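Colleague: I would like to learn how to read charge, pockets and cavities in a model. Can we work through one case?

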Amino acid sequence: RGLPALRRRCQIAGKRLSGTGVAAEGRILRAVLYVYHSRLLRHRPYLALLQVEQCLKRLWKMNLVGCIETLAGLIPRKNTSQAHGEYLVPSQPMLETVALKVLGGCKLILRLLDCCCKAFLLSVKHLCSEEFILLNTVASGLLSRLWFVIQYRCVLQSLISLYGTLSTSLQLVSETQQMPYIQGFTFPSDISNFLGVNVSSEVKKQKARMLKTKKPTSWMKKLFPAMPEAVSEVGKKRNFATCMSAVKICSIPCPADIGEPVL
């Protein structure tokens, strides 16, 4: 009865992990790091960006999406019934391998979110100090988008749900036919104890820290000084008068001598 739910969880997790948003932000991050590599080797936001890139690189290197898709392909459909009501199910080694990768992926995504939050705070801090304005502006926008994409697409939550279904299936399969593959490790029944933090509360803390950050408005006011209200109103009236006079001039037929001043 749990096989359709396991297949559905695998499809959801694989789809959210392989989305275009995270991959696109990763490509932009690598391009930014490549451009600023020779100039900012000791710059703290740059070093924090390197940690974010390392987490992303490890996440793709572990091939979590391919492993989940392989498991989903091994689960038979509903109408492929065998004789005497028996079904082919994934073996215990396969389930253990995917479960171990899902646990590692959850830990890695938690670390990625934490690195994104710290790097974002550093970028905004140096932005307020008017230091490397272009890099820190790009970095703060990039990190906030990456954090939001992972959180908005519920990547971590889908992996946690997948592990819950995997743990139940693994327990049933090991009771039916024991074929232990991973030695010296006990798979936790509750993933929250393994992660060591409450995921929802941790994400809320990170979001609150990012929203309470001091906004870098001082240097923006210097670059784009605000016009007084009276001056702006006069400017609007002048622009409107200029446009109306241009319309009137265009409606009047041009004289023969174009050198004559037009009143």
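Modeller: We will take the features one at a time. Keep in mind that this is a predicted model.

Colleague: Start with salt bridges. How many does a search of the whole structure find?

Modeller: The search finds 3 salt bridges. In one of them, the side chains of arginine 145 and glutamate 25 meet, at 3.1 Å from N to O. That N to O value falls within the 4 Å cut-off, so the pair counts as a salt bridge.

Colleague: Which parts of the chain does that pair link?

Modeller: Distant ones. Arginine 145 sits in helix α6 and glutamate 25 in helix α2, 120 residues apart.

Colleague: Now the surface. Which residues gather in a patch of positive charge?

Modeller: Arg27, Arg30, Lys57 and Lys61 gather there. Helices α2 (20-35) and α3 (44-61) each give two or more residues to the patch. Arginine 27 belongs to α2.

Colleague: Next, the pockets. What is the volume of the second largest pocket?

Modeller: About 190 Å³. Its lining consists of Phe120, Ser140, Gly141, Ser144, Trp147, Phe148, Lys207, Met210 and Leu211.

Colleague: Which element gives the most to that lining?

Modeller: Helix α6 does, with 5 residues. Both α6 (133-152) and α9 (199-211) supply at least two residues of the lining of this second largest pocket.

Colleague: And cavities? How many of 30 Å³ or more are there?

Modeller: A cavity differs from a pocket because a 1.4 Å probe fits inside but cannot get out. The count here is 1 cavity of 30 Å³ or more. The largest cavity has a volume of about 50 Å³.

Colleague: Which residues line the largest cavity?

Modeller: Arg16, Leu17, Val22, Leu59, Trp60, Ile109, Leu112, Ile150 and Val155. The elements giving two or more residues to this lining are α1 (3-17), α3 and α5 (92-128).

Note on methods: Residues are numbered from 1 along each chain as its sequence is written. This is a predicted model: local features need pLDDT of at least 70, side-chain atom pairs count only at pLDDT 80 or more; totals for chains, interfaces and linings use all residues. Side-chain values use heavy atoms; hydrogens and water are left out. Patches are made of residues with over 30% relative accessible area and no salt bridge: like charges are joined within 9 Å, nonpolar side chains (Val, Leu, Ile, Met, Phe, Trp, Tyr) within 5 Å. Accessible areas come from the Shrake-Rupley method with a 1.4 Å probe; for residues, only the protein chains shown count as cover. Lys and Arg count as positive and Asp and Glu as negative; His and the chain ends are not counted. The place of a charge is taken as NZ of Lys, CZ of Arg, CG of Asp or CD of Glu. Helices (H or I, at least four residues) and strands (E, at least two) are DSSP runs, numbered from the N terminus. On a 1 Å grid over the protein atoms alone, a cavity is a set of points where a 1.4 Å probe fits but cannot get out, and a pocket is an open set with protein on both sides within 12 Å along at least five of seven lines; lining residues have an atom within 4 Å of a point. Grid points are joined across faces, edges and corners, and a volume is the space filled by probe spheres set on the points.
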